[in-house]
Amino acid sequence: MSEEHLEKLRQELRRGVLVLAVLGSLKQPHYGYSLRKQLQDAGIDIDEGTLYPLVRRLADQGLLDSEWQQGDGRERRYYQLSPVGAGLLDSLSSEWQALNSNIAKLLEV
């Protein structure tokens with residue numbers, strides 16, 4: 001398998017869990033850079049060209065609330081889970097736990 005093919009498979013694997021990672025990170029309010037930094041600190045590297053459209057899409061779907069706040073002398077748009085987003089996060093977290101447990105069993109074989 002080539003490195004290029006392996007990289008494509010890695011990206012496919014990550015793509016599905018980025019929504020869960022972003023929703024989980026936004027239990028606390030974050031602006032774009034702070035959200036990206038938190039994800040990176042958790043070992044999830046995501047470029048701005050992926051993160052910002054994802055956050056806007058989640059906000060458009062009513063999963064995130066946002067407001068402009070003054071921080072460090074600048075206006076920044078802070079995002080946080082909406083009540084609908086919090087409910088979805090609970091559901092997706094349960095699904096993730098079950099899926100992860102089942103996959104772990106398969107990988108042990």
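At which residues does UniProt place the feature "domain: Transcription regulator PadR N-terminal"? The unreviewed entry places this feature at residues 19-86. The legends below describe views of a predicted model.

**Figure 1. Overview of the protein in the predicted model.** The secondary structure comes to four helices and two strands, which follow one another along the sequence in the pattern α-α-α-β-β-α. Along its principal axes, the C-alpha trace spans about 55 × 30 × 25 Å. The protein has 109 residues, of which 26% count as buried. Among contacts with a separation of 6 or more, 46% are accounted for by residues 24 or more positions apart.

**Figure 2. The stretch of residues 19-86, annotated in the UniProt record as "domain: Transcription regulator PadR N-terminal".** Over this stretch the chain is 50% helix and 24% strand.

**Figure 3. The largest nonpolar core of the protein, with its 18 residues.** Within this core, V22 and L64 touch the most other members. The elements that give two or more residues to the core are the helices α1 (3-25), α2 (32-41) and α3 (48-60), together with the strand β2 (74-81). Helix α1 provides the largest share, with five residues.

Figure 4. When residues up to four places away in sequence are not counted, V22 touches L35, L39, L51, L54, V55 and L58.

**Figure 5. The packing of helices α2 and α3.** Two packed helices are described by the angle between their axes and the distance between the axes. For α2 and α3, the angle is about 115° and the axes lie 11 Å apart. The crossing of these two helices is right-handed. On the side of α2 the contact is made by G32, Y33, L35, R36 and L39, and on the side of α3 by E48, L51, Y52 and V55. By class, six of the contact residues are nonpolar, one is polar and two are charged.

**Figure 6. The position of R76 in strand β2.** Is R76 buried or exposed? R76 counts as buried because its relative accessibility is 13%, and buried means under 20%. Apart from its neighbours within four places in sequence, R76 is in contact with Y31, E67, W68, Q69 and G71.

Notes:
Residues are numbered from 1 along each chain as its sequence is written. This is a predicted model: local features need pLDDT of at least 70, side-chain atom pairs count only at pLDDT 80 or more; totals for chains, interfaces and linings use all residues. Side-chain values use heavy atoms; hydrogens and water are left out. A nonpolar core is a set of buried Ala, Val, Leu, Ile, Met, Phe, Trp, Tyr and Cys residues joined through side-chain atoms within 4.5 Å. Buried means under 20% relative accessible area, exposed over 50%, partly exposed in between (1.4 Å probe, protein chains only). Contact means heavy atoms within 4.5 Å. Axes are lines fitted to C-alpha atoms, for helices over the stretch in contact, and angles run from 0 to 180 degrees between N-to-C directions. A crossing is left-handed if the near helix is turned anticlockwise from the far one by less than a right angle, and right-handed if clockwise. Ala, Val, Leu, Ile, Met, Phe, Trp, Tyr, Cys and Pro count as nonpolar, Asp, Glu, Lys and Arg as charged, and the others, Gly among them, as polar. UniProt positions are given in the numbering used here, feature names are shortened, and annotations may be inferred rather than shown by experiment.
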